[in-house]
Amino acid sequence: MKTRTLGRSNLEVSSLGLGCMGMSDFYSGRDEEESIRTIHRSLELGVTFLDTADMYGVGRNEELVGRAVKDRRDAVVLATKFGNVRSEDGQFLGVNGRPEYVRSACEASLRRLGVDHIDLYYQHRVDPNTPIEETVGAMAELVREGKVRYIGLSEAAPATIRRAHAVHPVTALQTEYSLWSRDVEDEILPVCRELGIGFVPYSPLGRGFLTGQIRRFEDLAEDDYRRFSPRFQGENFQKNLDLVERIREIAAARNVQPSQLALAWLLAQGDDIVPIPGTKRTVYLEENVGALDIELTPEELGRIDEAAPKGAAAGSRYPEANMSSLNL
């Protein structure tokens with residue numbers, strides 16, 4: 001497995017990570033036994049960078065990941081997140097970045113994961129009511145105590161990233177980035193590169209749309225949260241399907257899957273980029289790993305840019321109510 005170092009830190013991770021969210025929440029067809037098999041297969045293939053969060057399944061995803069790596073802790077780089085608060089029944093209660101909450105959330109994640117330290121601890125969303133300096137200061141204390149090795153942010157604005165990094169080195173920024181979400185290229189990615197912060201794209205396959213497997217809105221189960229995503233609704237669905245078809249044609253010419261082409265394009269955007277495609281099935285995990293063997297030519301990269309230019313996707317990334325929590 002090829003590896004990459006996140007930013008200017010000493011945190012070396014597999015060039016591709018594994019997003020574990022869908023194993024416990026938001027998508028349909030969950031099977032914990034298959035999910036654990038997928039994590040174990042991931043480690044066999046060298047994909048050792050595992051990503052979870054305390055909000056996924058209201059803690060259940062951390063527990064699942066903890067069970068999967070219980071006897072192989074030294075083989076993995078564990079990343080989890082705090083800040084999005086949910087009730088026991090899953091209701092979203094807001095964002096909390098207060099120092100006392102940072103500590104209690106970390107302690108709870110350590111218990112659920114069954115480990116004595118977290119390798120990379122992210123603030124999942126920026127708390128608009130708590131100065132970022134206070135939140136990061138509390139995260140820095142956890143580093144000094146050995147409970148956390150490195151810290152990260154998710155969906156933070158350039159100015160916030162700078163302020164956070166001035167308090168304690170930020171190792172990675174996790175934000176959506178893919179062929180249909182390229183807005184980070186304007187300001188956020190350049191700031192990360194200026195400061196030496198690694199970039200971890202989530203949803204690098206456009207929540208599954210870029211795989212080419214979703215052809216109709218009806219393909220989404222009733223309990224699939226993508227039914228509420230603007231990009232999967234109405235006219236946006238067809239426009240985005242047209243974009244995927246262009247990607248599919250380029251992939252077919254290369255004799256690879258659309259998902260592999262999308263990941264290979266993302267990996268080609270810089271050695272500081274480590275995508276974390278999510279899956280709960282081994283077949284798709286193995287397909288994603290195949291992207292690491294694809295070297296795209298300048299001509300192919302040009303064709304992809306032409307097929308999926310910045311702003312090509314129709315619809316916002318999240319419903320309007322959720323967009324306000326991004327890039328604060």
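Q: Two strands pair if DSSP finds at least two bridges between them. How many bridges join β10 to β11?

A: Five bridges join β10 (residues 172-176) to β11, and the two strands run parallel. Strands are DSSP runs of E with at least two residues, helices are runs of H or I with at least four, and both are numbered from the N terminus.

Q: What am I looking at, and how are residues numbered?

A: This is a predicted model, where local features need pLDDT of at least 70 and side-chain atom pairs count only at pLDDT 80 or more, while totals for chains, interfaces and linings use all residues. Residues are numbered from 1 along each chain as its sequence is written, and side-chain values use heavy atoms, with hydrogens and water left out.

Q: Back to the strands. Which residue is the bridge partner of Glu-176?

A: Tyr-202, in β11.

Q: And what order do the strands take in the sheet?

A: The order is β3-β4-β5-β8-β9-β10-β11. That makes an open sheet of seven strands, with parallel pairing.

Q: Which strands stand at the edges?

A: β3 (18-19) and β11 (198-202). Each has a single partner strand, so one side of each has no neighbour in the sheet.

Q: Which strands does α3 lie across?

A: α3 lies across β5, β8 and β9. It runs at about 135° to β8. (Axes are lines fitted to C-alpha atoms, for helices over the stretch in contact; angles run from 0 to 180 degrees between N-to-C directions.)

Q: What span should α3 have?

A: 21 Å, because α3 has 15 residues (99-113) at 1.5 Å a residue. The expected span is 1.5 Å times one less than the number of residues. The end C-alpha atoms of α3 are 21 Å apart, which agrees.

Q: Which residues of α3 are buried?

A: Tyr-101, Val-102, Ala-105, Cys-106, Ala-108, Ser-109, Leu-110 and Leu-113. (Buried is under 20% relative accessible area, exposed is over 50%, partly exposed is in between; the probe is 1.4 Å, with protein chains only.)

Q: What covers them?

A: The cover includes α2 (60-68), β5 (77-82), β6 (84-86), β8 (118-123), α4 (132-144) and β9 (148-154). Contact here means heavy atoms within 4.5 Å.

Q: What comes just after α3?

A: Gly-114, with a positive phi of about 70°.

Q: Which residues have a positive phi without being a glycine?

A: Val-58 and Ser-203 are among them, each at about 50°. Most residues other than glycine have a negative phi. Val-58 lies in the loop between β4 (49-51) and α2. Ser-203 is found in the loop between β11 and α7.

Q: Is Ser-203 buried or exposed?

A: Ser-203 is buried, with a relative accessible area of 16%. Val-58 counts as partly exposed, at 22%.

Q: New topic, aromatics. How many aromatic pairs does the structure hold?

A: Seven. (Rings of Phe, Tyr and Trp, taking the six-membered ring of Trp, pair if their centres lie within 6.5 Å; planes under 30 degrees apart are stacked, over 60 edge-to-face, the rest tilted.) Trp-180 and Phe-209 form one that is tilted, with 5.3 Å centre to centre and 45° between the planes.

Q: What about Phe-209 and Phe-232?

A: They form a tilted pair too, at 5.1 Å centre to centre and 50° between the planes. Phe-209 and Phe-232 are both buried.

Q: Which residues do ring pairs link into a cluster?

A: Trp-180, Phe-209, Phe-232 and Phe-237.

Q: What sits over the ring of Trp-180?

A: The charged end of Arg-231, 5.0 Å from the ring centre. (That needs NZ of Lys or CZ of Arg within 6 Å of the centre and within 35 degrees of the ring normal.)

Q: Phe-237 is one of the buried residues of which helix?

A: α7. Other buried residues there include Asn-240, Leu-241 and Ile-247. Their cover includes α8 (258-267) and α10 (298-307).

Q: How many residues does α7 have?

A: 21. α7 reaches 31 Å from its first C-alpha to its last, close to the 30 Å expected. Just after α7, Asn-255 takes a positive phi of about 65°.
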